[in-house]
Amino acid sequence: MLTRRRFTAAGLSLVAAPSLLAFLEACGGSAPAPSRQTGPEAAGGKLEIAWWGGSDRAKRTQQVMDLFVKKYPKWSFDSSFTGFNAYWDKINTQAAGGALPDIIQMDMRYMGQFTQRNQLLDLSKYADAELNLGDFDKGQREQASVEGKLYGISLGGNIQSLLYNSSVISQAGMQPPTGKESWDEFAAYCKQLQAKLPAGVAALDDSSWDITPFEVFVRQRTKKELYTSDGRAVFSAADAAAWFNMWQEFRSAAFITPGSAAAAENQQDTPDNSNVVLGKAAMRLQWSNFVGQYQVLMKNANIALAPHPGGASTGTYIKVSQAFSLSTKTRYPQAAAAFIGFFVTDPEAVSVLGLDRGVPASAKARSTLAPNMTPADKIQLDFVNAQVKNNRAKTVLDPPGAGEVQKSIARNALSIPLSKVSASAAADKFMSEVNKALTA
């Protein structure tokens, strides 16, 4: 059975920081020195690497790979990226065929699945020389550990939020949401905003299909986690029906994006394809690190963050936004680990990456970024700092099957607007698929 792990707010070293400046001035230092025995300086080869994300992330990641190759010219990369859902379809296919890339961008919902199948390498022995984790936040390191073994290196921390186009809201003559609204109050705000928006722009993007806002909703509603420590669902058909019914009410009130737009976004869920970026919605429930990714694509608008709807009922938590893991079948474990260490702590690499993947776990990385943060980076960092006391630590690792649950909620949520399935019928089908996925 997978062990429980505590996801603490202190894991981002945010609680101890009395101010943003103090938080970022944690400490200085230099980049890691890869092993000279069998690491990148002593050998050569091609490392396969895969990640999900949009075009801006791809550009930044490629720049860091180029920096690594410049420093270690015996090495090269075979890289690929795509949207989140397509990425996991491909990775799962590769995993089934025993052909995972050397370096895999890992989501916490899939960590349990891949560790249970012994497909991820324990990185513990590379923690010092190759990965240089001496100044890593304890919480971010623990989140990617199972049974005391380190299976991933955090690429940043984030928190679920309400991301919004403040320019569009201002042009509508409205103030942005405060983040203190209950769901009913938030619905009333959206209805008011919708009446003032141009034709073709929805107040809110349809997130009924997204597992993370649903998780926040369940944590608000039950005061528990999404899953039990032995891998069962805490949520019930009643919880799912309440979620689907709420979004159906939003749909009936005509202030969310249509089902066809939501389906297109689910199919290719990258910032480039976001309905906010495409000008089809003013707001979306989204992870905080997306503020910079959206801003890069929206030169003529200002993107901002507010706390997740739900009022005083806290359901959000700070998490590892994504991690780099290594396949157990990699031929070059030390070199691949050295690249990850380079990626998360080398000053040039850190400067290129910014806060694209969230708040860095390395104190040296945060210190490197401090002098030259973009306005969007400052918004993200200020927001995460402000939300440290307004979140509830996640205490249970997502079980094997969580990835299938994620796919199931999307299918069944979208069946409501696209196939006119009732919310209760969609909830029943969803729970049937959930129970099957978690007992497989």
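The structure is a predicted model, in which local features need pLDDT of at least 70 and side-chain atom pairs count only at pLDDT 80 or more, while totals for chains, interfaces and linings use all residues. Residues are numbered from 1 along each chain as its sequence is written, and side-chain values use heavy atoms, with hydrogens and water left out. The protein chain has an average pLDDT (the predictor's confidence in each residue, from 0 to 100) of 90. Helices (H or I, at least four residues) and strands (E, at least two) are DSSP runs, numbered from the N terminus.

**Confidence**

- A pLDDT of at least 70 is reached by 91% of the residues.
- Over residues 1-37, pLDDT stays under 50. For this stretch the model has 107 contacts (heavy atoms within 4.5 Å) beyond four places in sequence.

**How helix pairs are described**

- Two packed helices are described by the angle between their axes and by the distance between the axes.
- Axes are lines fitted to C-alpha atoms, for helices over the stretch in contact, and angles run from 0 to 180 degrees between N-to-C directions.
- Angles under 35 degrees count as roughly parallel, over 145 as roughly antiparallel, 65 to 115 as roughly perpendicular and the rest as oblique.
- A crossing is left-handed if the near helix is turned anticlockwise from the far one by less than a right angle, and right-handed if clockwise.
- For contact classes, Ala, Val, Leu, Ile, Met, Phe, Trp, Tyr, Cys and Pro count as nonpolar, Asp, Glu, Lys and Arg as charged, and the others, Gly among them, as polar.

**Helix α11 and its surroundings**

- Helix α11 (residues 290-297) and helix α15 (residues 375-387) have axes that come within 8 Å and cross at roughly 155°. The angle therefore makes α11 roughly antiparallel to α15.
- The crossing of α11 and α15 is right-handed. Val291, Gly292 and Gln295 of α11 make the contact with Ala376, Ile379 and Gln380 of α15.
- This contact of α11 with α15 holds three nonpolar, three polar and no charged residues.
- Because six of its eight residues are buried (under 20% relative accessible area, with exposed over 50% and partly exposed in between, for a 1.4 Å probe and protein chains only), α11 is largely enclosed by the rest of the structure.
- Phe290, Val291, Gly292, Gln293, Tyr294 and Gln295 are the buried residues of α11. They pack against α2 (55-71), β7 (157-165), β9 (281-287), β10 (303-306) and α15.

**Helix α9 and two partners**

- Helix α8 (residues 211-222) packs on helix α9 (residues 237-252) at an angle of about 120°, with the axes 11 Å apart. The two helices α8 and α9 are therefore oblique to each other.
- The crossing of α8 and α9 is right-handed. Among the residues that meet are Phe214 and Phe217 in α8 and Trp243 and Met246 in α9.
- The contact of α8 with α9 divides into eight nonpolar, one polar and two charged residues.
- α9 also packs with helix α17 (residues 423-439), at about 135° and with the axes 8 Å apart. This pair, α9 and α17, is therefore oblique.
- α9 passes α17 in a right-handed crossing. The residues that meet include Phe244 in α9 and Phe430 in α17.
- Nine nonpolar, one polar and one charged residue make up the contact of α9 with α17.

**Ala365**

- Ala365 lies in helix α14 (residues 363-369) and counts as buried, because its relative accessibility is 0%.
- Not counting residues up to four places away in sequence, Ala365 touches Val344, Val350 and Pro360.
- Ala365 and Val344 are 21 residues apart in sequence and 7.1 Å apart in space, C-alpha to C-alpha.
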